[in-house]
Amino acid sequence: MLFLSLVAVPHLKKVPDPASAQREFIKLARRFRMLAWVALSLLIITGAILLPNYVNFSESLVAWPPAVLIKLTLVVSLIVVSVLHDQIIGPKVRILKQKPVAELVKAEKLLLRFSPLLARLTLLLGLAILFAAVSLVRS
């Protein structure tokens, strides 16, 4: 997530040909997609293993520590946003980018503008999860 946002995007904005920059970005994103899903899977597995250290499952959710609830909410949000971005919106955007701009309706143009924001949201959610994890360990 960080590599694409902090290194690839600024570098590819300097490429004079936008079409080739877009192709390179797609190649990089596809290469890192599997790694991101593996990391997310590890986050879920290790979280499930460590969760009993922080909560008592016989208690109500309301009795769980707020840091745990916040982190769980962030993880679920990250999963939902990632699935939306990778499986639903991403394929639609790839198809839309092949159409001439003049043929796009307003909703399609909005989707093209919304897609990068969704990718940035995954980055922010990932950083928030990291912060929540540190807070959980420190509390």
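Biologist: What volume does the second largest pocket have?
Modeller: The model is a predicted one. In this model the volume of the second largest pocket comes to about 370 Å³.

Biologist: Which element gives the largest share of the lining of the second largest pocket?
Modeller: The lining of this pocket has 17 residues, and Leu43, Thr46, Gly47, Lys71 and Leu136 are the ones nearest its centre. At least two lining residues come from each of α2, α3 and α4. The largest share, six residues, is supplied by α2.

Biologist: How many residues in the lining of the second largest pocket are nonpolar?
Modeller: Gly counts as polar in this division. The lining holds two polar and two charged residues. The nonpolar residues number 13.

Biologist: How much space lies in the largest pocket?
Modeller: The lining of the largest pocket consists of 45 residues, with Leu4, Phe25, Ala29, His85 and Ala119 nearest the centre. The space in this pocket is about 1600 Å³.

Biologist: Which element supplies the largest share of the lining of the largest pocket?
Modeller: Two or more lining residues come from each of α1 (2-13), α2 (18-50), α3 (66-96) and α4 (106-138). The largest share amounts to 15 residues, and its source is α2.

Conventions: Residues are numbered from 1 along each chain as its sequence is written. This is a predicted model: local features need pLDDT of at least 70, side-chain atom pairs count only at pLDDT 80 or more; totals for chains, interfaces and linings use all residues. Side-chain values use heavy atoms; hydrogens and water are left out. On a 1 Å grid over the protein atoms alone, a cavity is a set of points where a 1.4 Å probe fits but cannot get out, and a pocket is an open set with protein on both sides within 12 Å along at least five of seven lines; lining residues have an atom within 4 Å of a point. Grid points are joined across faces, edges and corners, and a volume is the space filled by probe spheres set on the points. Helices (H or I, at least four residues) and strands (E, at least two) are DSSP runs, numbered from the N terminus.
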